[in-house]
Amino acid sequence: MPDWPRPDMATPPPGAMGRARIAWRAALLLAVLVCLLPLLLLVRLVERPLAGARRPVSGYVVQGFFRACLAILGLRLTLRGTPMRQAGAVVANHSSWLDIFVLNARHRIVFVSKSEVSGWPVIGFLARAAGTLFIRRDAREAQAQTAALKARLLAGQQLVFFPEGTSTDGLRVLRFKPTLFQAFLSPELKPIMHVQPVTVIYHAPKGRDPAFYGWFGDMDFAPHAAAVFAAPRAGRVELIYHAPLYVADFADRKALAAEAERIVRGAMPPARQGLPG
């Protein structure tokens with residue numbers, strides 16, 4: 001378990017204005033969801049028999065929803081670099097449940113997540129609607145995990161996963177676990193696969209703790225989400241897309257994971273690069 005600098009960081013309950021902001025932002029999000037979810041389901045109904053696992057149209061609907069979410073929250077997103085077009089996967093550092101919103105808003109991708117997330121309130125529903133691939137983090141199911149990843153990749157989907165295996169306070173990058181990188185090294189995929197490292201950097205609203213957007217340790221979802229929804233001033237988030245790594249250039253999954261980690265950590269602000277990973 002990481003030694004978090006603020007494991008008991010308390011979030012004060014929102015005042016009257018904060019509760020009003022929570023109410024109208026939640027109402028707007030619900031309205032967007034009510035409009036776009038039926039459209040998404042209709043598109044998938046037509047898309048599935050014609051395109052199978054590929055999502056040539058529904059990905060745009062998902063992207064539109066999450067862009068609307070960021071606009072409603074007032075979280076400004078800046079982008080550096082270009083999302084890759086090659087077959088493969090995006091790997092990023094993981095700070096918050098907001099990562100789902102941020103990464104989906106700029107890139108038509110499919111998340112790989114631990115199976116427990118599917119049962120989480122709100123986030124689990126959104127993840128399922130977005131087409132997330134859920135896997136069990138169990139070494140005994142490594143072969144099944146690899147097979148599921150290969151099937152999605154061969155179908156033309158671009159995947160995204162968080163090799164740290166847990167979310168952080170956003171002020172550090174943990175070691176990248178190499179397990180899920182194994183699928184890219186299979187004989188069918190290695191010659192065509194690329195892995196694009198992406199650094200996600202949150203900047204807290206003025207006057208807030210630098211880890212304001214971080215969701216980590218034993219923090220409950222509801223109070224953290226309430227604080228984000230209630231904030232009078234939103235912060236911003238940077239997405240830095242690095243040059244894709246060609247999988248065939250790496251001898252094994254550990255080398256690939258280590259290089260992706262080095263690149264992601266290297267783009268963090270200097271004050272965050274030295275924290276233990």
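Helices (H or I, at least four residues) and strands (E, at least two) are DSSP runs, numbered from the N terminus. The model in these exercises is a predicted one, in which local features need pLDDT of at least 70 and side-chain atom pairs count only at pLDDT 80 or more, while totals for chains, interfaces and linings use all residues. Residues are numbered from 1 along each chain as its sequence is written, and side-chain values use heavy atoms, with hydrogens and water left out.

**Exercise 1. Overall form**

Task: State how many helices and strands the chain has, and decide how its radius of gyration stands against that of a compact globule.

Solution: Begin with the elements, of which the chain has eight helices and eight strands. The radius of gyration is taken over C-alpha atoms, and the globule rule is 2.2 Å times the number of residues to the power 0.38. For 277 residues this rule gives a value near 19 Å, and because the chain has 19 Å, the two agree. Along its principal axes, the C-alpha trace spans about 60 × 50 × 35 Å. As a last step, take contact to mean heavy atoms within 4.5 Å; of the contacts in the chain with a separation of 6 or more, 75% are between residues 24 or more positions apart.

**Exercise 2. A buried glutamate**

Task: Locate Glu164, and find which side chain of opposite charge is nearest to Glu164.

Solution: Glu164 has its place in the loop between S5 and S6. Buried means under 20% relative accessible area, exposed over 50%, and partly exposed in between (1.4 Å probe, protein chains only). A salt bridge is a side-chain nitrogen of Lys or Arg within 4 Å of a carboxyl oxygen of Asp or Glu. For charge, Lys and Arg count as positive and Asp and Glu as negative, whereas His and the chain ends are not counted. Glu164 is buried but has no salt bridge, and the nearest side chain of opposite charge, that of Arg265, is 6.6 Å away. A polar atom of the Glu164 side chain does, however, lie 2.7 Å from the backbone nitrogen of Leu174. When neighbours within four places in sequence are left aside, the residues in contact with Glu164 include Ala92, Asn93, His94, Arg172 and Leu174.

**Exercise 3. Salt bridges**

Task: Give the number of salt bridges in the structure, and explain which parts of the chain are tied together by the pair Arg80 and Glu238.

Solution: The structure holds eight salt bridges. One of them joins Arg80 to Glu238, with the closest N and O atoms 3.1 Å apart. Arg80 lies in strand S1 (residues 76-80) and Glu238 in strand S7 (residues 236-241), so this pair ties together parts that are 158 residues apart in sequence. Arg80 counts as partly exposed at 48% relative accessibility, while Glu238, at 11%, counts as buried.

For another pair, look at Arg44 and Glu47, whose side chains meet in a salt bridge (2.7 Å, N to O). Both residues lie in helix H1 (residues 16-51), three residues apart, which is about one turn of the helix. Arg44 is buried at 8% relative accessibility, and Glu47 is buried as well, with a relative accessible area of 6%.

**Exercise 4. Two cysteines**

Task: Explain why Cys35 is too far from the closest cysteine sulfur for a bond.

Solution: A disulfide is a pair of cysteine sulfur atoms within 2.5 Å. The closest cysteine sulfur to that of Cys35 belongs to Cys69 and is 12 Å away, which is too far for a bond. By this rule the count of disulfides is zero.

**Exercise 5. An aspartate in a helix**

Task: Determine whether Asp99 is buried or exposed, and which side chain makes a polar contact with the side chain of Asp99.

Solution: Asp99 is found in helix H3 (residues 98-106). With a relative accessible area of 0%, Asp99 is buried. A polar contact is a pair of N or O atoms within 3.5 Å; within protein, one must be able to donate a hydrogen and the other to accept it, and residues adjacent in sequence count only if both atoms are side-chain atoms. The Asp99 side chain makes such a contact with the side chain of Tyr202 (2.6 Å). Beyond the neighbours within four places in sequence, Asp99 is in contact with Asn93, His94, Phe111, Phe162, Val200 and Tyr202.
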